[in-house]
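Here are some notes to read alongside the structure, written point by point. Please keep the sequence and the 3D view open as you go through them.

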Amino acid sequence: MVTPFSYTASPAQVIFGSGSLSRLAEAITGQGGKRALVLSTRHQKTEAERIAAALGPLSVGLFADATMHTPVNVTERAMEAYNAACADCVVAIGGGSTIGLGKAIAYRNDAPQIVVATTYAGSEVTPILGQTENGQKTTVRGPGILPEVVIYDPELTLGLPVAMSVSSGLNATAHAIEGLYARDRNPISSMMAVEGLRALKQALPQIVRTPGEIEARSEALYGSWLCGTVLGAVGMALHHKLCHTLGGSFDLPHAETHAVILPHSAAYNSVAAADALKPAADLFGGSLGAGLYDFAASIGAPMALRDLGMKESDLDRAAEIAALNPYWNPRPIERDAIRVLLQSAWEGTRPL
Ligand code: NAD
């Protein structure tokens with residue numbers, strides 16, 4: 001029998017395919033935009049300059065200071081640039097950091113957002129904005145935060161370094177794994193999760209072997225779109241809360257932390273959510289935690305929190321913070337069990 005559910009489709013337009021960057025101008029004008037402020041990180045500034053130049057008069061400026069975790073003071077500077085240029089929309093070119101800046105601007109002035117996504121993190125298809133101020137990361141959700149148009153052009157991901165591709169792909173994988181057992185999951189979100197997992201499992205090893213192969217890049221971007229859509233559609237649980245704690249309170253890198261934690265969070269929930277996780281266990285093999293661990297190891301992912309700079313002496317505090325505000329998870333959040341999970345993740349041991 002089909003379990004009762006509630007389903008809302010995302011209104012965002014997605015333009016996917018090799019060469020789809022050429023449709024950027026059409027995407028801007030389709031949103032009524034005449035004066036776009038282009039956003040990027042410093043690292044992707046040259047690429048963003050090239051894209052802005054190709055837009056001609058549709059681009060009225062480039063703000064190339066997007067920063068991880070969307071600091072509010074950077075957003076304020078970007079807002080000044082937006083107002084000074086009399087812009088009427090934003091074009092974010094990059095991964096979650098740049099997309100976060102575009103969302104933060106739209107959150108304040110409702111600017112239409114056009115995103116050219118270049119990592120596999122999935123932020124471009126979620127109505128979620130995380131921003132930091134005075135060392136505190138807070139998350140807001142709302143329809144105005146969801147970008148209106150997303151362009152996925154695999155050509156732009158050919159230069160994403162292999163290590164970043166692997167971590168970012170596992171970040172996307174984590175959205176789908178948690179989406180499978182989400183309390184508010186529905187048949188569409190679960191279908192997207194399974195297809196997203198299949199695509200990433202196929203693509204990531206190929207990217208490791210031949211990073212310049214467009215087919216694998218295309219498959220990975222397709223998978224990341226699906227997994228990101230799942231993240232935007234249903235609630236996340238233990239895995240994302242843990243990564244939020246480790247990133248927010250211990251300054252660990254975002255995608256790499258997801259990559260290390262995933263096998264352990266999946267193992268923690270694998271018995272309580274066995275039915276929901278069965279398609280993922282079938283895909284990765286054996287017990288899901290071990291299957292994901294072996295997959296991550298086979299593609300050269302970071303495997304241990306200690307390699308990301310986490311101190312063993314901080315594990316007690318991390319377990320305390322993670323268990324502090326109770327939230328829904330298929331298996332109850334128990335402080336001592338979380339402490340054991342964190343120890344395994346810190347050492348990088350293979351879950352059973
Ligand atoms: P990122 O955007 O921080 O990018 C990492 C680095 O890689 C940057 O220097 C960037 O310029 C560079 N880069 C990106 N694409 C590249 C490419 N194709 N080639 C070469 N270099 C490239 O990384 P991310 O993992 O995409 O984003 C992480 C941030 O996104 C975090 O702050 C995280 O909290 C946020 N995030 C938010 C959501 C959400 O739904 N709100 C979802 C996922 C991630």
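1. The domain assignment divides the protein chain into domain 1, residues 13-157, and domain 2, residues 162-347. Please bear in mind throughout that this is a predicted model. The C-alpha centres of domain 1 and domain 2 are 26 Å apart, and the contact between the domains takes 22 residues from domain 1 and 21 residues from domain 2.

2. How much area is buried between domain 1 and domain 2? The figure is about 1,800 Å², and carbon and sulfur atoms give 65% of it. On the side of domain 1, the residues that lose the most area to domain 2 are Phe16, Tyr120 and Ala121, which together account for 36% of what that side buries. As background, the size of an interface is often given as the accessible area lost when the parts come together.

3. Of the 23 residues around the ligand, the ones that come nearest are Thr41, Ser97, Thr118, Thr119 and Thr126. Helix H4, residues 96-109, gives the largest share of this shell, namely three residues.

4. What kinds of residue make up the shell around the ligand? There are 14 polar residues, seven nonpolar ones and two charged ones.

5. Several side chains can be followed to particular atoms of the ligand. In threonine 41, an N or O atom of the side chain is 2.5 Å from an oxygen atom of the ligand, while in threonine 118 a polar side-chain atom lies 2.7 Å from a nitrogen atom of the ligand. Lysine 137 also has a polar side-chain atom placed 2.9 Å from an oxygen atom of the ligand. The ligand taken alone exposes 870 Å², and the protein buries 86% of that area.

6. Histidine 69 is not a glycine, and yet it has a positive phi of about 70°; histidine 69 sits in the loop between strand S3 (59-63) and helix H3 (72-84). Cysteine 86, likewise a residue other than glycine, has a positive phi near 50°, and the place of cysteine 86 is the loop between H3 and strand S4 (89-94).

Definitions and conventions: Residues numbered from 1 in each chain as written. Predicted model: local features only at pLDDT ≥ 70, side-chain atom pairs only at ≥ 80, totals over all residues. Heavy atoms only, no water. Near = heavy atom within 4 Å. Polar contact = N/O pair within 3.5 Å; in protein donor to acceptor, adjacent residues only side chain to side chain. Areas by Shrake-Rupley, 256 points an atom, 1.4 Å probe, with all protein chains shown as cover. Helix = DSSP H or I, 4+ residues; strand = E, 2+ residues; numbered from the N terminus. Nonpolar A, V, L, I, M, F, W, Y, C, P; charged D, E, K, R; others polar. Domains from an automatic or database assignment. Contact = heavy atoms within 4.5 Å. Buried area = accessible area lost by both parts, 1.4 Å probe.
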